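Dear colleague,

Please find below the sequence and structure that I am handing over to you. My notes on what was found follow directly after.

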Amino acid sequence: MTETSKRTGSCLCGSVGITANSASNTVGACHCSMCRKWDGGPSMDIDCGTDVTFSDETAITVYVSSDWAERGFCRTCGSHLFYRMRDSGQYLVPAGLFDDQEHLVFDTQVFIDNKPSFYSFANETNNMTEAEVFAMYAPSQGETS
Ligand SMILES: [Zn+2]
Ligand SMILES: [Zn+2]
């Protein structure tokens, strides 16, 4: 299991404060085309589980981006606040929102085969293709978990 800790952060304008009580200490990048549209480049997020609260929910606009997930942003400054799984309520929160980024470890890249050729990260990471991601996270077929 990865270590977790409490992390706090905010959007650019400060309208939305974030508290994640059991945030991972690792960062994952996603190179899928939706994240690159949304972020202008790869997203770099921290898995924050489901225990995430915001100082002002009314300051957040939520965009349903697929059948399985939605994305939230500050309606004043536009900072991207989360990617949330609609079924589980699991949050992925952009690493850049958090106050303390000193001890984070960038360890995973997903949709690596969707990455455009004009950039690549030098970090040594565990990389997964689109097919590998769907195989791992697709609703389990006949499995109990
Ligand atoms: Zn804001
Ligand atoms: Zn993505």
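**Findings**

The protein contains 2 helices and 11 strands; here helices (H or I, at least four residues) and strands (E, at least two) are DSSP runs, numbered from the N terminus. Read from the N terminus, the order of elements is β-β-β-α-β-β-β-β-β-β-β-β-α. The radius of gyration, taken over C-alpha atoms, is 15 Å, close to the 15 Å that the globule rule (2.2 Å times the number of residues to the power 0.38) gives for 145 residues, so the protein is as compact as a globular protein of that length. Its C-alpha trace spans about 40 × 40 × 30 Å along the principal axes.

Please note that this is a predicted model: local features need pLDDT of at least 70, side-chain atom pairs count only at pLDDT 80 or more, and totals for chains, interfaces and linings use all residues. Residues are numbered from 1 along each chain as its sequence is written, while chains are lettered from A and ligands numbered from 1 in the order in which they are written.

Of the 145 residues, 28% count as buried. A residue is buried if 20 or more other C-beta atoms, placed from the backbone, lie within 10 Å of its own, exposed if 12 or fewer, and partly exposed in between.

Leaving aside neighbours within four places in sequence, Cys-48 is in contact (C-beta atoms, placed from the backbone, within 7 Å) with Ala-20, Ala-23, Tyr-91 and Val-93.

**An open sheet and a loop**

Three strands form an open sheet in the order S1-S2-S5, with antiparallel pairing; two strands pair if DSSP finds at least two bridges between them. Strand S1 (4-10) and strand S5 (52-54) are the edge strands, each pairing on one side only. S2 and S5 are joined by 3 bridges, and Ile-18 has Phe-54 in S5 as its bridge partner.

Gly-14 lies in the loop between S1 and S2. This residue is partly exposed, with 13 other C-beta atoms within 10 Å. The C-alpha atoms of Gly-14 and Cys-74 are separated by 9.3 Å, although the two residues are 60 apart along the chain.

With kind regards

Terms used. Two residues are in contact if their C-beta atoms, placed from the backbone, lie within 7 Å.
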